[in-house]
Amino acid sequence: MVDPAEVLADVLADLRAEGEELDALVGGLDAGDWQRATPAPGWTVAHQIAHLAWTDERAAQSAADPEGFTREAEKALASPETFVDEAARAGAGAPPGELLARWRAGRAELARTLAAMPTAAKLPWYGTAMSTTSMATGRLMETWAHGQDVADALGARRVPTDRLRHVARMGVRARDYAYAVRGLPLPAEAFRVELLAPDGRTLWTYGPGDAAQRVTGPALDFCLLATQRAHRVDLALRATGPDADRWLDIAQAFAGPPGAGREPVGRELGGRAPAVREPGGGGR
């Protein structure tokens with residue numbers, strides 16, 4: 001039987017490693033590089049780190065002071081389309097050294113706070129509630145996704161690691177949410193998802209092995225899709241069945257309204273081949 005405390009400790013260790021990897025990318029940047037545009041429209045490297053600093057702080061507040069967080073969330077949700085950008089813009093205005101120190105302090109505080117929480121605790125979040133482990137997993141997913149934006153802006157190539165298993169699992173578990181948030185009917189059948197891990201040998205599998213609706217491909221590509229960091233046509237993901245095919249058009253691992261996603265670049269990304277749709281898929 002899996003020990004929930006060990007699972008949380010594992011996620012927190014990977015969250016720390018993910019933060020350290022991104023820190024190594026931005027820690028030595030000069031002031032000009034902090035102002036580089038990232039693939040997110042209107043967001044610079046500074047905006048990306050400011051967003052992570054802010055959300056880490058809010059996550060720590062959710063665990064340590066849920067009533068205070070709820071009050072802050074109510075104010076934020078009064079402007080659901082703008083509060084994320086507003087927080088990023090406010091943080092990005094700080095000098096780079098100050099912003100970096102804020103992010104580092106917030107990461108450390110979040111790790112300490114979550115490690116001290118019961119694993120069964122329910123932490124309030126924007127429009128939902130999350131377990132302690134899910135909160136840590138969500139922070140890892142965001143750190144990785146926004147880290148991808150920073151890497152793209154800097155022209156850096158990151159080596160994928162098995163930490164992606166957390167992001168992939170979150171993307172799979174959020175399948176029904178992706179439909180519901182768009183007002184679409186939920187699929188009637190379970191899906192089979194088979195993802196090739198970064199080591200090129202291990203297969204991460206989800207769902208019944210005999211499911212008719214299937215998604216297969218590299219775990220990295222699925223994570224890029226589910227975090228909306230790449231368009232599906234630029235990824236080597238394969239959909240079998242019309243429901244699975246539709247899911248690849250709307251997948252998102254994050255809470256909140258559907259994002260605009262990324263435009264296709266019409267070429268291979270990082271050595272990955274374009275997506276393939278099996279016969280029977282709902283191609284366009």
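1. The side chains of Arg-165 and Asp-162 form a salt bridge, with N and O 3.6 Å apart, a salt bridge being a side-chain nitrogen of Lys or Arg within 4 Å of a carboxyl oxygen of Asp or Glu. Through salt bridges that share partners, Asp-10, Asp-14, Asp-162 and Arg-165 are joined into one network. Asp-162 is partly exposed at 47% relative accessibility, where buried means under 20% relative accessible area, exposed over 50%, and partly exposed in between (1.4 Å probe, protein chains only).

2. This is a predicted model, in which local features need pLDDT of at least 70 and side-chain atom pairs count only at pLDDT 80 or more, while totals for chains, interfaces and linings use all residues. Residues are numbered from 1 along each chain as its sequence is written, and side-chain values use heavy atoms, with hydrogens and water left out.

3. Arg-165 also forms a salt bridge with Asp-14, their closest N and O atoms being 3.1 Å apart. Asp-14 belongs to helix H1 (residues 4-26) and Arg-165 to helix H8 (residues 164-173), so this pair ties together parts that are 151 residues apart in sequence; helices (H or I, at least four residues) are DSSP runs, numbered from the N terminus. Asp-14 is buried, at 12% relative accessibility, whereas Arg-165 is partly exposed, at 25%.

4. Another salt bridge pairs the side chains of Glu-109 and Arg-112, at 2.8 Å from N to O. Both residues lie in helix H6 (residues 96-115), three residues apart, which is about one turn of the helix. Glu-109 is partly exposed at 36% relative accessible area, and Arg-112 is exposed at 52%.

5. Over the whole structure, the search finds 22 salt bridges.

How values were computed
Helix = DSSP H or I, 4+ residues; strand = E, 2+ residues; numbered from the N terminus.
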